[in-house]
Amino acid sequence: LGFLTPFSLEGWVRTLTHTLDLHNKRAPLAVVCRMRLVVKLRRRVATDTPLSRKASQSRLDLLAGGQASSPGGPPSPDPSEGRIQVETFQCLNEVLVHRGNSGSLAKLDVSVDGDKVTLVQGDGVILATPTGSTAYSLSAGGSMVHPGVAGILLTPVSPHSLSFRPAVLPDSAVITICVPLTARHGVALSIDGKDIAQLKLG
């Protein structure tokens, strides 16, 4: 269903009216609701002061169905070190956080509902919906999940670990990903195959 992603949410009434032909009252069509993910990219934008001339830092929060983000996860940055800028995206298939152009492993802290789950060291990590479970996540060893199952797939990409394996989390989970200060480099963020941003350390 990747062909659906170019449609913006603002025009959903006009698009559905045209697709379902509601005005002509033809035979009803079957409608299958698919789960989407809400992705919140939090950036610390450095202010131009002697105390805070630092590189901007990033954090990624992912939640299903437009629910409010829980207060868990890594501690919020000190306001004195810059302001927080939040960008929100919609995801139908998968969110990919990967090493980008770097030749070394990506290093990512992953938390679920405020509790640290693992430190990912590898090419990256995929967060997929059931719709996206048959795409990149499947190629990386993740399970195929029926669209009627409300869950989020957490799939590592080439992990440097014998214990970290793909997992299916409840759709109520709030997943937070950030790049620790001990990482060698930042990472790249892609949503539904589109390059979105670079995530820096912190």
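Let me begin with Ser-137, which is found in helix 2, residues 136–139; helices here are DSSP runs of H or I with at least four residues, strands are runs of E with at least two, and both are numbered from the N terminus. What we have is a predicted model, in which local features need pLDDT of at least 70 and side-chain atom pairs count only at pLDDT 80 or more, while totals for chains, interfaces and linings use all residues. Residues are numbered from 1 along each chain as its sequence is written, and side-chain values use heavy atoms, with hydrogens and water left out.

Is Ser-137 buried or exposed? Ser-137 is buried, with a relative accessible area of 0%, where buried means under 20%, exposed means over 50% and partly exposed lies in between, computed with a 1.4 Å probe on protein chains only. If we set aside its neighbours within four places in sequence, Ser-137 is in contact with Ile-126, Ala-128, Gly-132, Gly-142, Leu-153 and Thr-155, contact being heavy atoms within 4.5 Å.

An open sheet of 6 strands has the order 9-8-7-4-11-12, with antiparallel pairing; two strands pair if DSSP finds at least two bridges between them. Strand 9 (167–170) and strand 12 stand at the edges, each with a single partner strand, so one side of each is left without a neighbour in the sheet. On average, and with direction ignored, neighbouring strands of this sheet are turned by 20 degrees against each other, the axes being lines fitted to C-alpha atoms, for helices over the stretch in contact, with angles running from 0 to 180 degrees between N-to-C directions. Strand 4 and strand 7 run antiparallel and are joined by 5 bridges, and the partner of Leu-96 in strand 7 is Ile-126.

Turning to the cores, the largest nonpolar core has 29 residues, and those with the most contacts inside it are Leu-60, Val-95, Val-97 and Ile-177; such a core is a set of buried Ala, Val, Leu, Ile, Met, Phe, Trp, Tyr and Cys residues joined through side-chain atoms within 4.5 Å. Strand 5 gives the most to this core, with 4 residues. Apart from it lies another core, of 6 residues, among them Leu-96, Ile-126, Ala-128 and Leu-153.

Finally, how many salt bridges does the structure hold? There are 3, each defined by a side-chain nitrogen of Lys or Arg within 4 Å of a carboxyl oxygen of Asp or Glu. In one of them, Arg-43 meets Glu-87 at 3.3 Å, N to O, and this pair links distant parts of the chain, with Arg-43 in strand 1 (residues 37–45) and Glu-87 in strand 3 (residues 83–91), 44 residues apart. Arg-43 counts as buried at 18% relative accessibility, whereas Glu-87 is partly exposed at 29%. Asp-123 and Arg-99 also meet in a salt bridge, at 2.9 Å, N to O; Asp-123 is partly exposed at 23%, and Arg-99 is partly exposed at 27%. Asp-109 forms a salt bridge with Lys-116, the closest N and O atoms being 3.1 Å apart, and here Asp-109 is buried, with a relative accessible area of 17%, while Lys-116 counts as exposed at 56%.
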